[in-house]
Amino acid sequence: MEPLPDRLDPVLARSLSYALARRALFLPAWRGEEGLVEVWVTPQTDPYILDQYRMELRVRIRPRMVSREQLLEALQRVHREQGLTAVENLLEDLPPSLLATRLAEKPDLLESDDDAPIIQLVNSLIIQALRNRASDIHIEPFENNIIVRFRVDGLLHEALRPPKPVQAPLMSRIKVMAGLNIAEKRLPQDGAMRVRVASREVDVRVSVLPGSHGERLVMRLLEKQEERTNLNELGLTTPQLGWIKNRMTASHGIMLVTGPTGSGKSTTLYSILSSINTSEKNIITIEDPIEYSLAGVGQIQVAPRIGLTFASGLRSILRQDPDVIMVGEIRDLETAEIAIQASLTGHLVFSTLHTNDSVGAVVRLVNMGIEPFLVSSSLDGVVAQRLVRKLCAQCKEPFSPPPELVGAIAEGATYFRPKGCPACLGSGYLGRTALFELLTMSAELRTRIDRRVSDQELREVAIAEGMTPLREAGLARAALGITSLEEVLRVTQGRNGVA
């Protein structure tokens with residue numbers, strides 16, 4: 001087959017529903033002179049349906065042969081580009097009393113164009129969120145209306161304000177899809193579902209929380225077909241990458257990744273596990289929840305209701321002869337003790353902690369009740385990280401930083417600020433990258449830990465030995481034009497330049 005022509009009218013292509021175009025395998029692509037319509041067809045296209053389309057529209061058509069894969073790719077592309085107009089039109093005529101009572105068995109959300117409007121509304125919200133690169137959908141009820149917001153690149157943006165009567169059927173539809181109890185409105189609930197959007201498989205985690213004006217609902221979107229981030233793509237500098245590789249190939253010890261919720265800790269750990277995942281290693285993880293499936297890795301989902309906690313699961317993992325263990329999070333003393341004992345008996349352990357900086361991880365373990373000599377002897381290194389938004393390459397503009405930022409400026413560097421364009425949805429930012437602070441456990445630091453010195457003293461020693469704080473790492477990125485000074489200061493504000 002010859003390459004697809006560049007000439008494709010998205011409006012004309014969307015005049016045929018996604019469901020019909022996918023089933024019939026033809027796509028109106030371009031309207032030429034005297035109303036002649038060029039239609040892309042495949043060897044599998046049914047000539048009868050194509051002729052029926054011609055007679056109903058009363059137009060002359062000119063078929064152009066393409067492969068089935070080419071047609072489906074073009075079809076998915078034009079429908080992904082569609083805006084929220086369809087959703088807004090649905091809301092205008094939505095019957096307030098409509099309630100979705102059954103779950104339509106559809107293989108692909110874009111094929112559900114004949115379903116009830118409330119079902120179309122839920123599907124359209126998920127589709128639009130994916131188009132906008134959103135990680136979460138927030139549905140928040142208030143006294144007179146409800147607000148739908150998308151989290152894009154870490155920040156929330158309002159997407160829709162449906163009328164109040166939509167609240168009950170909207171919540172019920174999502175709860176049915178996620179396998180939740182639609183009659184329970186007084187207690188929090190958690191569920192999950194898997195959907196397909198234009199051949200993209202997406203896992204959706206659903207959290208429902210009762211509030212004063214009804215239930216608040218958050219859907220987290222996790223694309224199953226998205227390739228795992230490679231270590232080289234995390235934003236590590238060359239020395240930092242070498243530091244990570246040195247520790248992830250060790251035979252034993254603990255490496256911790258710290259930071260607040262949403263700072264990319266899981267992505268970093270998955271990247272490390274993917275890099276060391278070979279047939280010679282037995283890798284087992286215990287997580288809450290399992291965000292992505294890793295082929296060749298044994299993954300365990302925590303289930304506290306039946307007694308499967310991080311601590312109990314970790315004990316069982318040790319009887320499975322593992323080489324590498326990943327604990328989703330060290331939350332209590334028991335889990336910390338087992339993880340440390342595992343590292344001291346010849347296992348390589350990775351885990352996360354919710355602390356503000358790398359030194360804070362050491363202090364947190366000691367405050368949990370772990371003896372300092374055990375922390376100093378088992379801990380091999382700590383990674384603290386934050387995510388910053390990257391400037392949109394199409395619209396970023398150079399500027400002279402204000403006087404209050406003069407102390408943060410690198411001499412001779414050109415700084416940029418966000419402007420906003422259609423490519424970045426007007427935000428001036430497109431995508432995110434990570435900032436890293438790496439704590440190396442030196443002999444001096446181990447001695448100070450054994451002496452129970454303050455976190456400030458530990459931090460001063462680490463910086464004297466070469467550790468780059470998060471804020472300095474961010475300022476270096478701003479000097480390269482990757483992000484803005486405002487963005488760096490936003491995510492690293494606080495004492496010692498730490499958020």
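Buried here means under 20% relative accessible area, exposed over 50%, and partly exposed in between, with a 1.4 Å probe and protein chains only. The model is predicted: local features need pLDDT of at least 70, side-chain atom pairs count only at pLDDT 80 or more, and totals for chains, interfaces and linings use all residues. Residues are numbered from 1 along each chain as its sequence is written, and side-chain values use heavy atoms, leaving out hydrogens and water.

**View 1. Ala361 in helix α12.** Helix α12 covers residues 358-368 and includes Ala361. Helices (H or I, at least four residues) and strands (E, at least two) are DSSP runs, numbered from the N terminus. Ala361 counts as buried because its relative accessibility is 0%. Beyond its neighbours within four places in sequence, Ala361 is in contact (heavy atoms within 4.5 Å) with Leu256, Thr258, Leu353, Thr355 and Val382. Val383 lies 22 residues from Ala361 in sequence; their C-alpha atoms are 9.3 Å apart.

View 2. Strand β15 spans residues 379-391. Ten of its 13 residues are buried, so the rest of the structure largely encloses β15. Two strands pair if DSSP finds at least two bridges between them. β10 (residues 253-258) pairs with β15 in the parallel sense, over five bridges. Here Met255 stands opposite Gly381 of β15. β18 (residues 429-440) pairs with β15 in the antiparallel sense, over ten bridges. Val382 stands opposite Leu439 of β18.

**View 3. The protein chain as a setting.** The chain has 17 helices and 18 strands. Of its 499 residues, 49% are buried. Among contacts between residues at least 6 apart in sequence, 61% join residues at least 24 apart.
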